[in-house]
Amino acid sequence: MKTALYASAAVIALAAFGTNAAFAQSRDTIQIAGSSTVLPFASIVAEEFGATFPEFKTPVVGSGGTGGGFRQFCEGVGDNTIDIANASRPMRDSEREACTANGVTDIREIQFGFDGIVFASSAAGADFALTPVQVFKAIAAKVPVDGELVDNPYTSWDQIDPALPAQPIALAIPGSNHGTREVFQERVVTPGAEAAELPEGLSDEEIEAVETTFRQDVVVEIAGDYTETLARLTADPNTVGVFGLSFYDQNKDTLKVATVDGITPSLDTVASGEYPVSRPLFFYVKGEHLGVIPGLAEYTEYFLSEGVSGTGGILEAAGLIPQPAEKSAEVLAAFQAQ
């Protein structure tokens, strides 16, 4: 690997740590936290990296959600801060500002592939063919009825649309700490609200309130990872859960996936852009730690290699939708050039 490229980075990083060379010796394991969507991919790469590069310790990968990962990442530079934040959405300007305020200024964005967001329910249950407007009408606290906003009256899916199952409405969605939640909001709930034809004359603030205020009687927000959502479905077979496609792929024996706008989510339909609810996946590397935390640069380069995240790589087998090789090469070049 290109260890020599990071010699100057090491000098800068040691200066950032107060030229305390003991830091490099006090922690020699890469620390990673963040997105529960990226968690299984990063865990696989960490194990393979540790086996492939015995001179480095296997990285420690935790969850906490995209927002939680960024909060930890931006706490500062040093032994007690993480090196990588996994993310299922890009870092926000406000998060970059928080990083900068705490001395984290060398932030290296690594896009490594794609994932879809799916609606899944018990494999033994009814089939769901959903549209954004149906999901909005199931989840929103207030919905338009006869031109007026009213408290949501729907208790079963077939009341929203006779083509849907005669099944009680119950939804388990990611909490606000998850990047999945933001994509769910942006790609499903907001267009669903628009299609529902909200009453005219609402202010922007009122529209936003309608789009973001969910029912408390049938909606459960999951702050933990997808295993917690799966447990909710196991406890109540009527529940429809929101998952990453990769997690669904690993649990097809117990889950049944819904179509969205008539499209079944799959590696092919997400990669082609045909499936409407998809997003790129990222991890962010703290440049100040390059050359200080052993293996940080090598881990990043290994993650982006064709045999790992490329077509036919180990992560595709785990459910990742690979990005074009040209994109990965571009991301790698940008990482090495900083």
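Reader: Which backbone nitrogen lies 3.0 Å from a polar atom of the side chain of Q134?
Author: That of T131. A polar contact here is a pair of N or O atoms within 3.5 Å; within protein, one must be able to donate a hydrogen and the other to accept it, and residues adjacent in sequence count only if both atoms are side-chain atoms. This is a predicted model: local features need pLDDT of at least 70, side-chain atom pairs count only at pLDDT 80 or more, and totals for chains, interfaces and linings use all residues. Residues are numbered from 1 along each chain as its sequence is written, and side-chain values use heavy atoms, with hydrogens and water left out.

Reader: Where does Q134 lie?
Author: In helix α6, residues 132–139. Helices (H or I, at least four residues) and strands (E, at least two) are DSSP runs, numbered from the N terminus.

Reader: Is Q134 buried or exposed?
Author: Buried, with a relative accessible area of 7%. Buried means under 20% relative accessible area, exposed over 50%, and partly exposed in between (1.4 Å probe, protein chains only).

Reader: What is Q134 in contact with, leaving aside neighbours within four places in sequence?
Author: A129, W157, I160, D161 and L164. Contact means heavy atoms within 4.5 Å.

Reader: And how many residues are in the largest nonpolar core?
Author: It has 48. Such a core is a set of buried Ala, Val, Leu, Ile, Met, Phe, Trp, Tyr and Cys residues joined through side-chain atoms within 4.5 Å. F119, F136, W157, F184 and F243 have the most contacts inside it.

Reader: Which helix gives the largest share of this core?
Author: Helix α8, residues 179–195, with five residues. Another core, of 29 residues, lies apart from it; I30, L290, Y299 and A318 are among its members.

Reader: What does F184 touch, beyond neighbours within four places in sequence?
Author: F184 is in contact with I117, F119, V135, I139, I173, V189 and V242.

Reader: New topic. How much of strand β4 is buried?
Author: 14 of its 16 residues, so the strand, residues 107–122, is mostly covered.

Reader: Which strand does β4 join by nine bridges?
Author: β13, and the two run antiparallel. Strands pair if DSSP finds at least two bridges between them. Q111 stands opposite F282 there.

Reader: What about β10 and β11?
Author: β4 pairs with β10 (residues 240–244) in the antiparallel sense over four bridges, with I117 opposite G244. With β11 (residues 255–257) the pairing is also antiparallel, over three bridges, and A120 stands opposite V257.

Reader: How many aromatic pairs are there?
Author: The structure holds 19. Rings of Phe, Tyr and Trp (its six-membered ring) pair if their centres lie within 6.5 Å; planes under 30 degrees apart count as stacked, over 60 as edge-to-face and the rest as tilted.
The rings of F283 and F303 have centres 4.7 Å apart and planes at 45°, so that pair is tilted.

Reader: Which parts does the pair of F283 and F303 tie together?
Author: F283 lies in strand β13 (residues 278–286) and F303 in helix α13 (residues 296–303), so the pair ties together parts 20 residues apart in sequence. F283 is buried at 0% relative accessible area, and F303 is buried at 0% too.

Reader: Which charged end sits over the ring of F73?
Author: That of K286, 5.0 Å from the ring centre. The test is NZ of Lys or CZ of Arg within 6 Å of the ring centre and within 35 degrees of the ring normal.
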